[in-house]
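Subject: Structure handover

Hi,

Here is the structure I promised, with my notes below it. Please have it open while you read.

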Amino acid sequence: MFPEPRIVGGTKAAFGRWPWQISLRQWRTSTYLHKCGAALLNENWAITAAHCVDNVPPSDLLLRLGEYDLALEEEPYGYQERRVQIVASHPQFDPRTFEYDLALLRFYEPVIFQPNIIPVCVPENDENFIGRTAFVTGWGRLYEDGPLPSVLQEVTVPVIENKICETMYRSAGYIEHIPHIFICAGWKKGGYDSCEGDSGGPMVIQRPDKRFLLAGVISWGIGCAEPNQPGVYTRISEFRDWINQILQF
């Protein structure tokens, strides 16, 4: 498992295609370095994985919104950066099992929406998305222990039932309990997945009206894109009430 941050088999995203994608950065010696992904929920709040911000003071965090190519300054629209005022991790987050692996981050200043900075929708019901195609995005490693890309990557993976997910892990030699607060996505043959540095980022599903729903937040996996080892995400529909409660602040 990658206890720290975690796209393999993906392609470069088009500029502005995933306008809610955020690069969550942490202060390291002299600069802020990309650590995890996050997703924009409204002008004041973002969502990420609790394990990305566990035991990190908010003053050490920086959110970069509207980013695309980390190595390029000249882009059609610029990025915005925000410091973090409040880190609200889920009170039941368990760093051993990664259950309840969610945190909400409040900015000091609201962001200004622009074509490459737009929030994602939170699901309004308990649809389970089994068999649907999910899009996963991030600047995480291109393969296990591999390099980090400079351009935002995207990959498509099918959502699978949790029981099937457990069975797949078992056939790979791992006994994993995957309760309904998680949502699994991946291919039996492997080859496509999130990886280290993607954690906390969005897994989205397109609605019939073409809007995207935040179905999951990248949480954990064993290795990256291995056969029978799907990515495991926090199921956002299970946390609607908690999210909406905190977003009032």
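Start at C36: its relative accessibility is 0%, so C36 is buried (buried is under 20% relative accessible area, exposed over 50%, partly exposed in between; 1.4 Å probe, protein chains only).

Two notes on the source. This is a predicted model, in which local features need pLDDT of at least 70 and side-chain atom pairs count only at pLDDT 80 or more, while totals for chains, interfaces and linings use all residues. Residues are numbered from 1 along each chain as its sequence is written, and side-chain values use heavy atoms, without hydrogens and water.

**Disulfides**

There are three disulfides, each a pair of cysteine sulfur atoms within 2.5 Å. Their pattern is 1-2, 3-4, 5-6, counting bonded cysteines along the chain.

C36 bonds to C52, S to S 2.1 Å. The S-S torsion is about -85°, so this disulfide is left-handed. C36 sits in strand β3 (residues 31–40) and C52 in helix α1 (residues 50–53), so the bond ties parts 16 residues apart in sequence. (Helices, H or I of at least four residues, and strands, E of at least two, are DSSP runs numbered from the N terminus.) C52 is also buried, at 0%.

C165 pairs with C184, sulfur atoms 2.0 Å apart. This link is left-handed too, with -75° about the S-S bond. It runs from helix α2 (residues 162–171) to strand β10 (residues 182–185), 19 residues apart.

C195 pairs with C224 at 2.1 Å between sulfur atoms. Here the link is right-handed, at 80°. C195 is in the loop between β10 and β11 (202–206), C224 in the loop between β12 and β13. C195 is buried at 1%, and C224 at 7%.

**Q229**

Q229 lies in the loop between β12 (212–220) and β13 (231–235). Its relative accessibility is 11%, so Q229 counts as buried. A polar atom of the Q229 side chain is 2.8 Å from the backbone oxygen of I222. Beyond neighbours within four places in sequence, Q229 contacts Y169, A172, Y174, D193 and I222 (contact means heavy atoms within 4.5 Å).

**Helix α3**

Which residues of helix α3 (residues 240–247) are buried? They are R240, W242, I243 and I246. They span an arc of only 170° around the axis, which puts them on the same side of α3; the arc is that of the directions from the helix axis to the C-beta atoms. Among the elements covering them are β4 (45–48), β6 (80–89) and β7 (103–107).

Best wishes

Definitions and conventions. Polar contact = N/O pair within 3.5 Å; in protein donor to acceptor, adjacent residues only side chain to side chain.
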